[in-house]
Structure formats: C-alpha cells, structure tokens
Amino acid sequence: MVKRFQKILIANRGEIALRVHRACQEMGIRTVAVHSTADASAMHVRLADESVCIGPPAARDSYLNMAAILSAAHITGAEAIHPGYGFLSENADFAEMVEAHGLAFIGPKPAHIRMMGDKIAAKDAMRRLGVPLVPGSLGALNSVDEARAVAAEVKYPVLIKAAAGGGGRGMKVAQNEGELEEAYRLARTEAKAAFGDDSVYLEKYLDRPRHIELQVLADSYGNVVHFGERDCSLQRRHQKLVEEAGSPALTAADRNSLGATVTSALKELGYRNAGTLEFLWQDGQFCFIEMNTRLQVEHPVTEMVCGVDLVREQIRIAAGEELGYDQSEVHFSGHAIECRITAEDPETFTPSPGRVNTFHAPGGLGVRVDSALYSGYSVPPHYDSLVAKLVVHGTDRAQAIARMRRALNEMVVDGIRTTIPLHQRIMADPEFQSGDYTIHWLERFVARGHGE
Ligand code: ADP
C-alpha cells in the first residue's frame with residue numbers, strides 16, 4: 001500500500017538532518033526537527049517547519065532518548081521517522097518501537113538491522129548467501145586457544161574484532177603468535193567497555209587492501225538495485241576521511257560482478273531500503289567485512305555520479321512505493337570525491353569546537369557543500385566533529401581533484417581549527433593523484449609530516 005507522508009520527523013542533527021530536510025522539502029513533505037538544549041540555534045532547527053526540544057546536551061539524554069523522540073513525533077503528528085546516520089539509525093529496538101507506534105521507520109526491517117549489527121551474524125548470513133568473506137573464525141571465539149588455532153590456519157598477521165564493533169573500536173592486530181593473547185584480551189576489554197558485549201572474532205589482517213563498498217536500494221516488492229562502489233580507503237584509525245566514486249582501482253567489469261553477487265544476496269534476504277556492503281579488496285578479491293543498514297556519511301559521491309537522490313528514494317520506499325527502474329537504468333557518469341571536514345587540529349587531531357566567526361562555502365560547477373555551519377554559529381563540544389562535507393564532481397578523476405583543490409582554497413571556516421589544510425595536502429600529493437593507495441596510506445602520510 002502506498003501512503004504519502006505529509007510530515008516526517010528527523011531524529012538527528014547537523015549536516016545529515018539538513019540533508020534529509022532538503023529531500024523532504026522537494027517532495028512537499030513538512031519536517032519536524034528534534035534538538036538538545038545545546039542545539040537550540042542550530043541550522044537544522046532553523047530550517048525545519050517545526051521543532052521540539054528533546055533533552056539536555058548529552059546525546060544519551062536527547063538524540064538517543066527514544067521515548068522523547070517518539071513523544072515528539074506523536075505531539076507533532078509526524079507519520080514517519082528518518083534516523084540519519086549514527087545515533088539511533090542502527091538500533092533495531094528503536095525501529096521496532098517506531099513501527100509499534102504506528103509510524104514508518106525510514107530504513108530496513110528491524111530483523112535485518114539486528115542481524116547486521118552483530119558482525120558475526122552478518123558474516124554468517126553473507127557466507128550462506130554466497131558472498132565472499134575475509135578468511136577467519138566462523139563464529140565468536142571462546143578462548144585464546146581457539147584464536148590460536150584459527151590464526152595458525154589463516155596465517156599471521158591477524159585481527160581480533162568485536163562482534164558489536166563500530167567506529168574502529170575493539171579491533172586489535174596480532175603480528176605473530178606472541179602478540180595474540182594480548183590482542184585477544186585487549187579487544188575483549190575494549191569491546192565490553194564500548195558496547196557492553198565482549199564477543200570477538202578473528203580475521204586475517206590484510207596487508208594492502210582497499211576499502212570498497214557498494215550502495216544498494218531495495219523496495220518492498222523484491223526489486224534490488226545497486227549504485228556502484230565507493231572507495232573509502234583513505235582512513236585514519238579505521239575512520240574514513242576522503243571517499244571517491246568510482247574506485248580508481250576497479251573496472252566496470254569488477255563493479256558489475258560485485259553488483260550481481262550483492263543484489264542477488266539481498267534479494268534472497270528480503271532486504272528493504274538503503275544498505276551498504278563493505279568489502280576489503282586485495283589481489284582482485286572482494287572480501288565482505290560488514291553491512292551498514294542505513295544512509296552513510298559518504299552517500300553524496302554516489303548521488304553525484306548516478307544522479308540519484310538516495311534520501312528521496314529511502315522515503316519513497318518507506319511509503320510503500322516501488323523503485324520503478326531496474327539495474328539497466330542506473331548509469332554512472334564522471335568521478336566524485338568527498339572530503340570530510342572536521343573541527344579538529346589538522347596535525348594533532350585534537351577537537352576544536354567553538355565559535356565560527358566567518359563561514360564561506362565554495363561554489364561553482366560540480367561543487368556541493370553539505371554543512372550545518374553558518375557565520376556566528378558555535379560548534380558544540382558534545383557531538384561528532386564533522387562540520388562539513390565538501391563534495392565535487394568532474395568528468396574524470398583528474399578534473400575532480402583539480403576542482404576539489406580549487407574548492408578547498410575557496411572555503412573559509414574562521415574561528416576554529418579544521419582539517420581543510422590536511423585535505424589540501426592530500427589532494428596535492430602525487431601518490432594520491434596516481435590513485436594507487438591502500439587503507440594504510442593515509443596513516444603513513446600523516447605520520448611523515450603530511451609528505452613535506
Ligand atoms: P568498524 O565497524 O569498527 O568501522 P569495519 O569492520 O568496518 O569496522 O572495519 C573498519 C576498517 O578497519 C576497514 O575499513 C579497514 O580499514 C580496517 N579493517 C577491517 N578488517 C580488516 C582486515 N581483516 N584486514 C585489514 N584491515 C581491516
């Protein structure tokens with residue numbers, strides 16, 4: 001049944017709340033912003049049709065406060081909730097609660113959110129669906145002896161990872177058997193502290209992979225379409241800094257074969273709405289690592305090369321509409337790059353919240369800025385440090401890089417420190433420009449004084 005939403009509550013803040021608001025506006029849907037007391041004058045609150053204060057600054061009392069968010073939806077008469085990314089976006093209990101209250105959750109089925117939130121269950125499901133994995137343990141490790149046995153089989157170095165992991169936490173490398181026990185112990189302790197769950201598993205630690213992920217959309221009628229890959233190999237501490245679509249390393253044939261494997265797996269699973277499957281790619285092999293059951297930070301690069309509005313599609317799917325097109329109608333044009341600009345020192349990465357005296361966004365052909373900044377805004381210290389996503393599109397990668405360099409030079413965020421200077425150095429680096437980099441490249445680039 002297709003139901004047209006009149007009003008959507010956006011359970012998030014910052015640039016992603018604006019991103020969802022923009023899609024709603026263009027679809028003629030009214031928006032409700034929710035905010036903490038620290039965000040009373042934030043841009044997402046200013047632009048929304050209505051807003052509700054849901055609690056004090058700490059996220060656990062506001063943006064993670066499920067009861068307050070559901071009450072806000074109730075009193076404003078919103079019919080659906082878009083969770084953005086982070087916060088409650090991958091919380092299966094929340095998705096279930098939203099549906100139990102007769103509202104639409106703009107995202108996947110709760111059962112799939114739950115399954116993919118447990119990385120061991122996710123890998124097991126993907127293995128059964130014929131998706132290739134990184135070699136490693138089949139389930140959770142019960143003892144260090146078991147870890148030793150699997151490590152001997154897949155060969156060192158190995159990685160111990162948290163089943164409930166996210167944000168690179170609970171991940172420890174063991175280069176050899178001597179380091180294994182310590183890595184196992186540390187990963188469990190960190191996982192317990194961060195996620196309240198100390199289940200860990202083991203994977204072979206790949207020495208020079210690229211991080212390649214595939215964007216997918218699925219409707220409620222079994223139609224599954226992919227929108228190509230994103231290369232997110234430029235990472236620091238397992239966190240993405242720069243993303244590209246497509247990957248400089250893949251051919252159209254690689255993309256098509258990965259796309260075919262993934263779409264047929266998700267069709268069999270009965271998946272719904274947007275999802276991203278993350279892979280490590282080395283020596284021509286794709287190895288699944290995890291699936292994100294939400295919109296991702298880096299989704300704009302896909303939008304730029306495919307000409308699709310992924311949030312609009314998410315809303316249409318949640319309203320019960322059919323996708324209305326098939327894989328043959330998805331076309332890729334040119335190249336897109338995103339730089340994640342954070343309120344951090346570009347060399348030490350110390351957080352730098354505070355007042356932005358002047359904000360000037362770059363513009364011109366092929367430039368997109370997703371940001372909730374404005375001149376006079378104070379970046380609060382309570383939340384993620386991402387303050388702007390600068391995204392460019394060019395006819396090819398070289399043009400996209402030239403455009404990004406030009407746009408970074410135009411951009412002004414005065415009053416706080418940001419990572420703009422780091423991005424300028426990355427874009428100017430011949431190795432980056434060659435496209436020949438792995439997930440370890442950026443860490444070394446930062447360590448050797450940004451290549452100077
Ligand atoms: P999280 O959910 O904590 O972000 P992921 O499983 O998505 O964890 O991995 C994050 C990053 O860690 C990957 O993009 C990659 O850079 C690195 N990584 C993960 N698994 C491996 C592995 N088996 N070998 C080498 N690097 C890995």
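The legends below describe close-up views of a predicted model. Local features require pLDDT of at least 70 and side-chain atom pairs count only at pLDDT 80 or more, whereas totals for chains, interfaces and linings use all residues. Residues are numbered from 1 along each chain as its sequence is written, and side-chain values use heavy atoms, with hydrogens and water left out.

**View 1. The shell of residues around the ligand.** The ligand is surrounded by 20 residues, a residue being near a molecule if one of its heavy atoms lies within 4 Å of it. Lys 119, Gly 168, His 211, Gln 235 and Glu 290 are the closest. At least two residues of the shell come from each of strands S6 (158-166), S8 (200-204), S12 (273-282) and S13 (285-292); S6 gives the largest share, three residues. Helices (H or I, at least four residues) and strands (E, at least two) are DSSP runs, numbered from the N terminus. By class, the shell holds eight nonpolar, six polar and six charged residues. Ala, Val, Leu, Ile, Met, Phe, Trp, Tyr, Cys and Pro count as nonpolar, Asp, Glu, Lys and Arg as charged, and the others, Gly among them, as polar.

View 2. A polar backbone atom of Gly 168 lies 2.6 Å from an oxygen atom of the ligand. A nitrogen atom of the ligand is 2.9 Å from a polar side-chain atom of Glu 203, and a polar backbone atom of Lys 204 is 2.9 Å from a nitrogen atom of the ligand. The ligand taken alone exposes 560 Å², of which the protein buries 96% (Shrake-Rupley method, 1.4 Å probe).

**View 3. The pairing of helices H4 and H5.** The axes of H4 (residues 92-100) and H5 (residues 110-117) come within 8 Å and cross at roughly 175°. Axes are lines fitted to C-alpha atoms over the stretch in contact, with angles from 0 to 180 degrees between N-to-C directions. H4 and H5 are therefore roughly antiparallel (angles over 145 degrees). Ala 92, Asp 93, Ala 95, Glu 96 and Glu 99 of H4 meet Pro 110, Ile 113 and Arg 114 of H5, contact meaning heavy atoms within 4.5 Å. This contact of H4 with H5 has four nonpolar, no polar and four charged residues.

View 4. The Tyr 156 to Pro 157 peptide bond is cis, with omega near -5°; Pro 157 lies in the loop between helix H7 (144-154) and S6. The Ala 245 to Gly 246 bond is also cis, with omega near -10°, and Gly 246 is placed between strand S11 (239-245) and helix H9 (252-269). Phe 87, in the loop between strand S4 (80-82) and H4, has a positive phi near 40°.

Notes. Polar contact = N/O pair within 3.5 Å; in protein donor to acceptor, adjacent residues only side chain to side chain. Parallel < 35°, antiparallel > 145°, perpendicular 65-115°, else oblique.
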